Each structure stands twice: as C-alpha cells, then as structure tokens.
Amino acid sequence: MTSRTPIRFNAFSMNAASHQSPGLWRHPLNRSQHHNRLPYWLELAHLLERGLFDALFIADVLGVYDVYQGSPDAAVRGGVQVPVNDPLLIVPAMAAVTRHLGFGVTFSLTYEHPYPFARRMSTLDHLTDGRVGWNIVTGYLDSAARNLGLGRQLGHDQRYELAEEYLQVLYKLWERSWQDDAVNRSGAGTSYIDPSKVHPIGHHGEHYQVPGIHLCEPSPQRTPVLFQAGASPRGQAFAARHAECVFISGPTQTVLKGLVAGLRQALRDAGRQPEEQLIYAQALIIVAPSRAAAEAKLADYRRYVDVEAALALLSGWTGIDLSNLRGDQVIEYLENDAGRTALASFTRSDPNRQWTVAEAAEFVCLGGRGPVLLGSPGEVADQLEEWLDATGIDGFNLTYAVAHEDLSAVVDLLVPELQRRGRYRQAYEGGSLRQQLFGQGDRLAPRHAAHRAAI
C-alpha cells in the first residue's frame with residue numbers, strides 16, 4: 001500500500017550558467033546566463049518560497065573539468081560549471097526577500113582553514129535568522145588542488161580523515177566556545193560580554209591548531225544544518241556521524257534504494273535514529289498541463305543538448321577520461337580519487353543495468369545523474385509517489401534544464417496536485433531551517449557527534 005509520507009522538495013542550482021544540463025544555456029527561455037545578477041536569484045527565491053520548498057541547495061566547484069581529453073577546452077567551450085561564482089555571497093540578498101526558505105551552500109573544506117570559515121557560516125546564520133545549511137564536500141577535482149598550491153588533491157580517504165578533524169574544530173567553535181547568555185543585551189552594567197562565559201577551544205590536532213575563541217556569538221542554530229552528498233562506504237560512514245540531510249543521485253530506483261539502505265544502516269550503526277536524517281534524491285521534472293505538452297517540451301530541450309560537454313562533465317565526476325573509450329564501450333568501475341559515487345551509479349550500483357559511454361552521456365545531458373520525470377501534473381505526481389515509496393527517500397532535489405521555466409512549472413502545476421493528494425505541505429511551520437526540517441528546535445539533536453567535541 002502506498003504510504004502518505006509527505007514529499008519534500010529542494011531546488012538544486014549553481015551560481016553558473018550551466019549546471020546539470022549541458023548545452024541548455026542556449027535555450028531561448030533559459031535565464032541562467034543572468035546568474036551573475038541579483039534579480040535572477042531574488043526571483044528564484046520568491047518562486048521557491050511560493051512553492052513551499054525546504055531549501056535552495058547551491059552547488060559549487062573550485063576547479064575546472066579538465067579530465068576529458070586531458071584539457072579544460074571542452075568544458076570551457078560548453079560552459080560546464082564555468083564561469084562559476086561564489087555561492088555564499090548571494091544568500092543574504094535572498095534571505096532578505098524571504099521568510100522561510102532555507103539555503104544550503106556548498107563549501108569545500110579541503111582548501112581553507114576552519115577558523116575563518118566558522119565565522120563566515122555563523123555570520124550567514126545570523127543574517128538569515130537561522131535558515132542556512134552547509135553542504136560538506138571534500139572536493140573531487142585535481143584542477144582545484146593545483147590552483148591552490150598542491151600537486152594534486154588528497155586521496156579519497158585522506159580527504160575524509162581531514163574532514164573529521166575539520167568538523168571537530170567547527171563543532172568546538174560553534175557549539176562550545178560561547179555560552180548562550182555570554183552577551184549582555186540588557187544595557188545594564190558595564191560589561192557587554194561576560195568573559196567567564198567565553199571559552200578558548202584549545203584545539204591541537206594533526207592538521208589544525210586553534211587555541212582561541214570563536215569570533216562570533218552563538219547564531220540561531222549555532223551549527224548550520226549539515227548537508228552531505230558522499231555515498232561511497234567512507235562517505236556513508238561520514239554522513240552517519242555528521243549529516244542531517246543527504247543528497248543522493250542515481251539513474252534507477254535500484255541504485256537509489258541501495259544507497260538509502262546503506263545510509264540508514266550506517267546511521268543506526270552510529271547510534272542515531274532514522275528520523276534524524278533526511279535523504280533527497282536528484283531529479284529533473286518536466287511537467288505541463290498535458291502529457292503531449294510535456295513530451296513536446298522534452299523534444300524541444302533535446303535540440304539544445306551538448307553531448308561533448310556532457311562527456312566533459314561526466315569525466316570530471318568519475319575521474320575517467322571518456323574520450324579514450326568508444327561510445328559503445330561499457331563503463332567499468334575502478335578505484336580513484338575522484339567522486340566514486342558518480343562512477344558507481346553507472347556501474348556496480350545496479351546489477352541489472354550496464355551503461356555504455358554513449359548511454360551515460362545521453363542520460364546526464366538532461367538533469368545530470370537523476371531521472372527525468374515527465375508528464376501531466378497527475379502523471380508526475382504518480383511517478384514521485386512511486387519513486388519515494390519504492391526507494392525510501394524523503395524527498396527530491398530538483399534540478400532544471402531551463403531556468404526558471406522548469407521550477408516555475410513545478411510550483412504552479414505540480415505542487416497543487418501533490419497538495420490535493422495530501423502529499424505536500426500546505427504552509428510553512430516557521431522557525432529556523434532545522435526546526436522546519438525536523439520539528440525539534442533550532443539546535444543539533446542530542447545524539448549528534450558535535451556534542452562529543454569536548455574542549
């Protein structure tokens with residue numbers, strides 16, 4: 001029997017002209033070339049809040065996709081996530097014109113010391129009234145490492161080891177350095193801050209030395225909501241300790257169901273409960289008043305796809321130069337230091353499906369590694385219910401082919417249908433992002449690893 005679990009939506013975007021659908025920047029209705037102007041983001045924030053989305057999740061990279069043909073040329077020609085602007089700087093403007101929408105920002109911890117980053121996120125949490133989250137990434141592009149003074153990026157597992165200490169520093173700064181009542185706002189007395197209630201964290205680790213206090217007083221959430229997208233075994237273990245929301249991507253229900261099962265088991269092994277973590281799966285929704293209209297829209301989109309740019313994108317995700325393989329060759333799994341989840345989703349995650357290079361490139365041309373769900377509002381709602389109930393996910397991370405056309409159609413056509421079915425909320429409950437997601441207050445759950453970061 002179909003459950004009545006509410007379906008949740010995030011929007012998946014990037015401060016770039018091309019994100020998950022290479023070539024669609026050329027579509028005459030696409031607005032994404034205006035990503036470097038605030039009106040683009042303010043319009044999107046208004047749209048998503050009207051659609052009662054949980055959050056706008058903003059992806060980011062610090063390098064270019066230069067694995068394909070051993071050169072960045074294909075990625076640069078196709079605008080594959082380049083040029084790309086900082087995701088954090090656009091958030092305060094969007095927060096100023098919304099009241100409830102959350103903002104998940106991507107930041108790669110590998111290339112910046114945790115002390116200034118802690119201040120930047122606390123500042124964002126203050127300015128958004130507690131509506132910010134952090135997507136924890138360790139990086140997957142060697143080009144980023146080279147431009148930041150390293151010969152190549154750290155190994156896959158080394159990046160997670162670094163991340164563990166990075167999180168310990170942040171938890172000490174965010175959760176333990178300042179007591180809630182350290183700042184005197186009454187105007188009485190002569191001390192603005194009680195020094196006895198502000199504590200140096202005294203962190204002396206393998207990678208970081210942070211002896212002093214956090215520079216910010218406690219923000220509404222203290223620690224921003226923690227997002228994470230790694231689904232390798234090491235990534236799942238990391239997510240089980242730290243993540244409150246996990247983003248997964250896969251082309252089939254089999255892939256997603258396996259990822260969800262692994263994440264849920266890892267969460268139990270870490271001593272946390274399933275309700276302490278939400279799992280969102282990537283998808284592109286093409287919805288129109290009728291199926292015929294949706295199919296016509298898809299056919300129109302396919303006229304603009306850029307297969308070479310898709311190969312450059314997929315090569316960067318997997319760390320495999322796909323220009324060395326024929327289009328009819330089956331993609332095989334191998335261990336490397338790129339993003340292992342992307343490669344696994346087209347190889348060993350679904351034993352019932354083998355993908356050739358050409359098939360995988362065609363698939364990611366529209367919506368990246370998630371499925372394309374197409375049809376009338378009723379048909380798409382049926383598909384969403386089926387995917388959610390078959391895989392165990394909590395919601396969808398919705399990408400787009402044409403900005404803001406596709407998400408506008410979701411808000412105007414699909415959300416009302418889901419509300420009519422009782423599968424989508426009717427209004428925001430209010431409060432911080434963490435409160436809206438979990439209904440348990442502004443702060444991290446008591447069993448979270450942050451509370452074991454002693455100073």
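Predicted model: local features only at pLDDT ≥ 70, side-chain atom pairs only at ≥ 80, totals over all residues.
I sorted the lining of the largest cavity first: five residues are nonpolar, six polar and none charged. (Ala, Val, Leu, Ile, Met, Phe, Trp, Tyr, Cys and Pro count as nonpolar, Asp, Glu, Lys and Arg as charged, and the others, Gly among them, as polar.) Among the lining residues I noted His19, Trp25, Asn30 and Tyr400. That cavity holds about 60 Å³ of space. A cavity here is a set of points on a 1 Å grid over the protein atoms alone where a 1.4 Å probe fits but cannot get out, and lining residues have an atom within 4 Å of a point.

Residues are numbered from 1 along each chain as its sequence is written, and side-chain values use heavy atoms, with hydrogens and water left out.

Next I looked up Gln228, which sits in strand S7 (residues 225-228). Strands (E, at least two residues) and helices (H or I, at least four) are DSSP runs, numbered from the N terminus. Gln228 has a relative accessible area of 2%, so I logged this residue as buried (under 20% relative accessible area, 1.4 Å probe, protein chains only). Its contacts (heavy atoms within 4.5 Å) include Tyr160, Gly235, Phe238 and Ala239.

Gly235, Phe238 and Ala239 turned up again among the buried residues of helix H7 (residues 233-242). The buried residues of H7 pack against S7, and also against strands S4 and S8 and helices H6 and H8.

Note on methods
Buried < 20%, exposed > 50% of the residue type's maximum accessible area, 1.4 Å probe, protein only. 1 Å grid on protein atoms, 1.4 Å probe; cavity = no way out; pocket = protein on both sides within 12 Å on 5 of 7 lines; lining within 4 Å. Points joined across faces, edges and corners; volume = space filled by probe spheres on them. Lists of a residue's contacts leave out its neighbours within four places in sequence.
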